[in-house]
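Me: Please set out, in question and answer form, the contacts in the model shown below.

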2 protein chains.
Amino acid sequence: MSDPGLRERKKARTRADLQRHALRLFREHGYAETTVDEIAAAADVSRSTFFRYFPTKEDVVLFDDVDPLMAEAFAELPPDTPLLHAMRTGVTTAFRRLPPEKRELEEIRMALVRSAPELQAAARERSGITVTAIADRIADAYGRPRDDLDVLVFAGVVAGARLTAQTLADRTGESYIDALDRVMSRLEDGIPLDGLTLGSHATRLADGLVEQAAGSDGTADTTRPEQHRM
Amino acid sequence: MSDPGLRERKKARTRADLQRHALRLFREHGYAETTVDEIAAAADVSRSTFFRYFPTKEDVVLFDDVDPLMAEAFAELPPDTPLLHAMRTGVTTAFRRLPPEKRELEEIRMALVRSAPELQAAARERSGITVTAIADRIADAYGRPRDDLDVLVFAGVVAGARLTAQTLADRTGESYIDALDRVMSRLEDGIPLDGLTLGSHATRLADGLVEQAAGSDGTADTTRPEQHRM
DNA sequence: GTATTTTCTGGTACTCAGTTCCAGTTTAGT
DNA sequence: ACTAAACTGGAACTGAGTACCAGAAAATAC
């Protein structure tokens, strides 16, 4: 590893160039409105080369240097740390340990992900925010079966918390880590709104639910134009 | 409205035909392996017509009739129903009220969604399982701000529960509703694994978390030898 | 320093999802 | 029976992603 070599250096530079130009173009014109051709042209390489470095267009946005740090942060926690608390601090301290410029890049990246719904899903998948992934880790570590109800439900809560953090960050403008911190610490006190009852709100809640599905019968309006908002 | 009319009947039939053939082909050959052309051909209509009925290929899977019933079920719940319990019974009774053949179709549909990861994300988006959607409904109904922390966290828990139910249904083979029922009722007792601490499992947990970044995808074999590395 | 092998690049040509537009047909309204 | 509205099929397009190959550029061998 002492000798990077010319070839390796060129590759790293090409990759960085592609990423840089891609993120710039995405921010200027939007994710969907930017074509791979444009990115390749901006980085002065061919289309083929783009796909050689990033298997899909999504991948340019979805690189992630946080995970290795997360593992590290985890291993350092004291053994008597409650699991939910560990899930919180593991992620947040990993983030906070990123070098400042990478952390900033990370925030930009996440803002971009939030702006394009087609990216959100892919982002979750690639960064192990799935219930499956979380549950399996816990189950394996604690020697429980992989379909253990408690483990799965717990994993669902954690996954839900991360989704919530994304929404919260989006709406308040605060950083993702801060949002996640707030959400998780709120959860450590139990599920909120637990005492609340339906009261007279059932109808209004129900109304909100219907407008989801405009066309169930054949009476549906032909096509629905409002599909992708970007 | 008692007179559907010839045109409407034809449309309903075409739509049903398309969906029926699509689901069949997807089950026989897989979602990704089935092209829109094949579906259209099977239903004996043109490609254009397919897209006129279903704006995207995903939509043919993601078209369901349960939501209207959900609203109905909600409105019937007694006012003193705790919110979390309401979120459970609203969904489950709606499902159980579906006519048997539609319910079966629904289960097939959901199994299919679970089998294709690219569908899972879209499914959440379109069926209002997003944190955003749930939170907004609750916030609006109760007159709280849309960025209320408690509301968002609660919505995250519900969203997580639905994700969990999908995983659980997939692993145990039970129906989605039954899984959701179990998950939600478990949550009504509070967050599970709350007492658990990290103990000596931190390292193993951490290890599990990293390998997420590397691989573990179902898709075939594109070039991804060294992606998150440089 | 030249030759050989390995790796990277650009280009062409494909498939499939999704859009747009138009011409021709079918249904509805009167 | 005739006209207006809605539906269909087809052609032509864009953009993402894949497969393949010829040639350039490094890395290594001699």
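Me: Which helix gives the most to the surface near DNA strand D?
Reply: This is a predicted model, in which local features need pLDDT of at least 70 and side-chain atom pairs count only at pLDDT 80 or more, while totals for chains, interfaces and linings use all residues; side-chain values use heavy atoms, with hydrogens and water left out. Residues are numbered from 1 along each chain as its sequence is written, and chains are lettered from A and ligands numbered from 1 in the order in which they are written. A residue is near the strand if one of its heavy atoms lies within 4 Å of it, and helices are DSSP runs (H or I, at least four residues) numbered from the N terminus. With four residues, the top contributor is helix 3 of chain B.

Me: Which residues come nearest to DNA strand D?
Reply: There are 22 residues around DNA strand D. The nearest residues are Arg47(A), Lys57(A), Lys11(B), Ser48(B) and Thr49(B).

Me: Which side chain has a polar atom 2.7 Å from a base nitrogen of DNA strand D?
Reply: A polar contact is a pair of N or O atoms within 3.5 Å. The side chain at 2.7 Å from a base nitrogen is that of Arg47(A).

Me: How do the rings of Phe95(A) and Tyr176(A) pair, and what are the distance and angle?
Reply: Rings of Phe, Tyr and Trp (its six-membered ring) pair if their centres lie within 6.5 Å, with planes under 30 degrees apart counted as stacked, over 60 as edge-to-face and the rest as tilted. Phe95(A) belongs to helix 6 (residues 83-96) and Tyr176(A) to helix 11 (residues 176-187) of chain A, 81 residues apart. Both Phe95(A) and Tyr176(A) are buried, where buried means under 20% relative accessible area, exposed over 50% and partly exposed in between (1.4 Å probe, protein chains only). The centres are 6.0 Å apart and the planes at 55°, so the pair is tilted.

Me: At what distance from the ring centre does Lys57(A) lie over the face of Tyr31(A)?
Reply: A charge sits over a ring if NZ of Lys or CZ of Arg is within 6 Å of the ring centre and within 35 degrees of the ring normal. In chain B, Lys57(B) lies over the face of Tyr31(B) at 4.5 Å. For Lys57(A) and Tyr31(A), the distance is 4.5 Å.

Me: Which parts of chain B does the salt bridge of Glu76(B) and Arg97(B) tie together?
Reply: The two side chains meet at 2.7 Å, N to O. Glu76(B) is partly exposed at 48%, and Arg97(B) is partly exposed at 38%. The residues are 21 apart in sequence, so the bridge ties together helix 4 (residues 67-76) and helix 5 (residues 83-97) of chain B.

Conventions. Polar contact = N/O pair within 3.5 Å; in protein donor to acceptor, adjacent residues only side chain to side chain. Helix = DSSP H or I, 4+ residues; strand = E, 2+ residues; numbered from the N terminus. Salt bridge = Lys/Arg side-chain N within 4 Å of Asp/Glu carboxyl O.
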